[in-house]
Amino acid sequence: MVDTFKLFISAANDLPDERELVGHLVTEIPVTLGWQLNLTPMGKNAENKDLILDADYHLIIFGEDIRAPIGYEWHISRSAGRTPLFFIKTNIPRTFAGGDFLRRISRYPSLNSYASLAEFRKLVLTKIAQHIIKYADLFEIKSLELKNVSNFINELEDVEPNLLDNVTGEDRIILTRERFMRQNGVLLQSPDVEPSTKDPYKID
């Protein structure tokens, strides 16, 4: 069993709203899973290979340009035989390099387009929730939880999300009381959860 959903988000600094938003969106999904969210570091020499390879899901959010290190992060996933999910922002100008990259991936099977943050929110939540349902046994999602996630997907609407001021998105870990507890300041797995003997799911 896996208690924490590890999500890597590739997004450059030309998409500050999307970077900030993903870290808040996941808490809308009605599951008891913890969340580990890692984003493209803004430092040019930041090392993120291990985080990408260890992720349960890899999102690539593409804006006006293929800025470093987004191409590198995509290459890491592809070289490992994985299929990261693209979210392409539309109705914006692109640099020559950005347009060229978009043409190169035009036949890629996992492209999703959005024009507004409302569309982006609905797309991201739907894809992640569907992934959780698909691998419910691995994440040990109980029947009631599974039903709640299915209803959540069916009831999703295009709602413009609220954004925090001056936040560009940071790595974060979100834990839940149902699966995690503290004892004498030490974080422990909840006693009603059996230790995992399975390998964490890796992106296909």
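**Reading strands, helices and burial in a predicted model**

Colleague: In which sense do β4 and β5 pair, and over how many bridges?

Modeller: β4 and β5 run parallel and are joined by four bridges. Two strands count as paired if DSSP finds at least two bridges between them. Strands are DSSP runs of E, at least two residues long, and helices are runs of H or I, at least four long; both are numbered from the N terminus.

Colleague: What should I know about the model itself?

Modeller: This is a predicted model, in which local features need pLDDT of at least 70 and side-chain atom pairs count only at pLDDT 80 or more, while totals for chains, interfaces and linings use all residues. Residues are numbered from 1 along each chain as its sequence is written, and side-chain values use heavy atoms, leaving out hydrogens and water.

Colleague: What is the strand order of the open sheet?

Modeller: The six strands lie in the order β5-β4-β3-β1-β2-β6, with mixed pairing. β5 (111-114) and β6 (172-174) are the edge strands, each pairing on one side only. Neighbouring strands are turned by 20° against each other on average, direction ignored. That angle is taken between axes, which are lines fitted to C-alpha atoms (for helices over the stretch in contact), on a scale from 0 to 180 degrees between N-to-C directions. Within the sheet, β1 and β2 (residues 34-39) run parallel and share six bridges. T4 stands opposite G34 in β2, and F8 opposite N38 in β2.

Colleague: Which residues of β5 are on its covered face and which on its uncovered one?

Modeller: N112 and Y114 are on the covered face, L111 and S113 on the uncovered one.

Colleague: How do I read burial in a helix, and which residues of α3 are buried?

Modeller: An α-helix has 3.6 residues a turn, so residues three or four places apart point the same way. In α3 (residues 70-79), the buried residues are I70, E73, W74, I76 and S77. They lie on the same side of α3, because they cover an arc of only 155° around the axis. The arc is that of the directions from the helix axis to the C-beta atoms. Among the elements that cover these residues are β1 (4-11), β3 (57-62) and α4 (96-104). After α3 comes G81, with a positive phi near 80°.

Colleague: How many residues of α1 are buried?

Modeller: Seven of its 10 residues are buried, so α1 is largely enclosed by the rest of the structure. One of them is E18, with a relative accessible area of 1%.

Colleague: Which residues does E18 touch?

Modeller: Contact means heavy atoms within 4.5 Å. Leaving aside residues up to four places away in sequence, E18 touches I61, K89, Y114, L117 and F120. The side chains of E18 and Y114 also make a polar contact (2.7 Å). A polar contact is a pair of N or O atoms within 3.5 Å; within protein, one must be able to donate a hydrogen and the other to accept it, and residues adjacent in sequence count only if both atoms are side-chain atoms.

How values were computed: Buried < 20%, exposed > 50% of the residue type's maximum accessible area, 1.4 Å probe, protein only.
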